[in-house]
Amino acid sequence: MKSYSSQFMTLFTRLAAPAMLLASALLTGCGGGGDAANEQLKIGFAQVGAESVWRTANTDSLQNEAKKRGVDFKFSSGEGKQENQIRAIRSFVAQGVDLIILSPIVETGWDPVLKEAKRAGIPVLLMDREIDTADESLYAAFIGSDFVEEGRLAAQWMVENVKGDEVKIVELEGTPGSAPAIDRQNGFKEVVDKHSNFTIIESQSANFRRSDGKDLMESLLKLHSDIDVVYSHNDDMALGAIQAIEAAGLKPGTDIIIISIDAIKEAFEAVVAGKINCIVECTPLFGPLAFDMAEKILNGEPYERRVVMKDGVFDQTNAAEVIDSRKY
Ligand code: AHR
C-alpha cells in the first residue's frame with residue numbers, strides 16, 4: 001500500500017533530531033568548537049544506475065547542484081540491482097551522512113534498510129520513484145512525477161489521435177517491479193479499457209534500455225505483422241524500437257504510431273522528424289528541488305511531504321516551438 005500525505009511534515013523532525021542538531025550547529029556556528037563555515041553537509045545518493053539518457057540527466061542534475069552548494073556528495077550507482085542500493089544505504093549510514101537521497105529501483109523490499117537509517121536518525125528523501133510500504137515514517141518526503149497520470153496522458157493522446165476499428169498496441173515495459181513500469185502500465189490501461197477498439201496485444205519488458213527496446217521490437221515484428229501502435233514506457237526503448245522498425249523496412253511514426261515517455265531531447269528531435277508521434281514529459285532535473293528539500297528537512301523547517309511535478313505532452317503540433325529550450 002502506498003501512503004501519501006499532503007500535510008506539512010512534522011513527524012520526521014523527531015526522527016531526524018541528530019542531523020537537525022548538526023545542521024543547527026552549522027547555522028549558529030556553535031558546533032563542538034569547530035569552524036562552522038568549514039563544516040559541509042554530507043549527503044548520500046543511491047541512484048538506480050545509468051540505463052537511460054533520462055537517468056544520466058538526473059545524475060548530472062544532482063551532481064551539479066551538490067557542487068554549486070558545496071555539499072559533500074556521496075554518489076552510488078546501483079547498476080540496476082536493488083542489493084547494490086541496499087549496500088549503498090548501509091554504507092551511507094556507516095559514514096554518518098546527514099541525509100540519504102534514494103531513487104529506488106523497485107517498489108518493494110525497502111523496509112529493513114530504511115529502518116536502519118531511521119534508527120541512525122538519518123532522514124531519507126525519495127526522489128523520482130516511490131516505494132511500497134505500510135510505514136510512512138521510513139522516509140521524510142517524496143519528489144517526482146505521477147507515473148499513473150503519465151500513462152493516462154499517453155493513452156488519452158492515442159485515443160484522440162489514432163482512428164480505427166481494431167487498433168493493435170504493443171507495450172514496451174520498463175524494469176519489472178519498478179514504480180514507473182507498474183504505474184505507466186496501469187494509467188495507460190485504465191484509459192484503453194474504456195475504448196473497445198484498442199487492444200494491447202503484447203506487453204513485455206525492455207528494462208528502460210535502448211538496446212533491449214531494439215531487440216524486443218525485432219522479435220515483436222516477427223510475431224505480428226499488424227502492429228498499429230508502440231507504447232513505450234521511456235524514450236530510450238522507443239528509440240531502440242524505431243531502429244528495429246526501420247530495419248524491417250517500415251516507417252516509424254507513419255506505418256506504426258510511436259508514443260513514449262520522458263521527453264528527452266533526442267525524442268523531441270524524433271517528433272519533429274515525424275518518427276515519434278507523442279512524448280509525455282517526465283523531468284529528471286531534480287537537483288535544485290532535492291537540495292532545497294534536504295536543507296528544509298535538516299533545518300527542521302516545514303516542507304511538503306509529497307511534491308509532484310507537472311508533466312507536459314508534446315506532439316507534431318507543439319514540439320518544434322519548444323525544442324531549443326529543452327534542458328535534457
Ligand atoms: O523513473 C523514471 C524512469 O527511469 C524514466 O522514465 C526512465 O527513462 C528511467 O530509466
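1. F208 counts as buried, at 3% relative accessibility. Here, buried means under 20% relative accessible area, exposed means over 50%, and partly exposed lies in between (1.4 Å probe, protein chains only). F208 sits in the loop between β7 (198-205) and α8. Its phi is near 65°, a positive value in a residue other than glycine.

2. On the basis of the model: this is a predicted structure, where local features need pLDDT of at least 70 and side-chain atom pairs count only at pLDDT 80 or more, while totals for chains, interfaces and linings use all residues. Residues are numbered from 1 along each chain as its sequence is written, and side-chain values use heavy atoms, with hydrogens and water left out.

3. S178 touches F208, along with I105, V106, E107 and R129; residues up to four places away in sequence are not counted. A contact means heavy atoms within 4.5 Å. S178 lies in the loop between β6 (167-173) and α7 (179-192). S178 is buried, with a relative accessible area of 0%.

4. Phi of D262 is near 130°, a positive value in a residue other than glycine. D262 counts as buried at 3% relative accessibility.

5. Now the chain as a whole. It has 12 helices and 12 strands. These are DSSP runs numbered from the N terminus: helices are H or I with at least four residues, strands are E with at least two. Of the 328 residues, 53% count as buried. Among contacts between residues at least 6 apart in sequence, 76% join residues at least 24 apart.

6. Which residues touch the most other members of the largest nonpolar core? They are I43, L62, I101, M158, M217, I259 and I276, in a core of 79 residues. Domain 1 (39-144 + 284-309) and domain 2 (147-283 + 315-325) both contribute residues, so this core lies between them. The domain bounds come from an automatic or database domain assignment. A second, separate core has 22 residues, including V48, L102, I131 and F142. A nonpolar core is a set of buried Ala, Val, Leu, Ile, Met, Phe, Trp, Tyr and Cys residues joined through side-chain atoms within 4.5 Å. In soluble globular proteins, nonpolar side chains tend to be buried together.

7. Leaving out residues up to four places away in sequence, I43 touches V71, D72, F73, K74, L99, I101, F291 and A294.

8. Helix α3 (residues 53-69) and helix α11 (residues 287-299) have axes that come within 8 Å and cross at roughly 55°. That makes α3 oblique to α11. Axes are lines fitted to C-alpha atoms, for helices over the stretch in contact, with angles from 0 to 180 degrees between N-to-C directions. Angles under 35 degrees count as roughly parallel, over 145 as roughly antiparallel, 65 to 115 as roughly perpendicular, and the rest as oblique. From α3, S61, L62, E65, A66 and R69 meet G287, P288, A290, F291, D292 and E295 of α11.

9. The axes of α8 (residues 210-223) and α9 (residues 235-247) come within 7 Å and cross at roughly 45°. Hence α8 is oblique to α9. On the α8 side, the contacts include M217 and L221; on the α9 side, they include M237 and L239.
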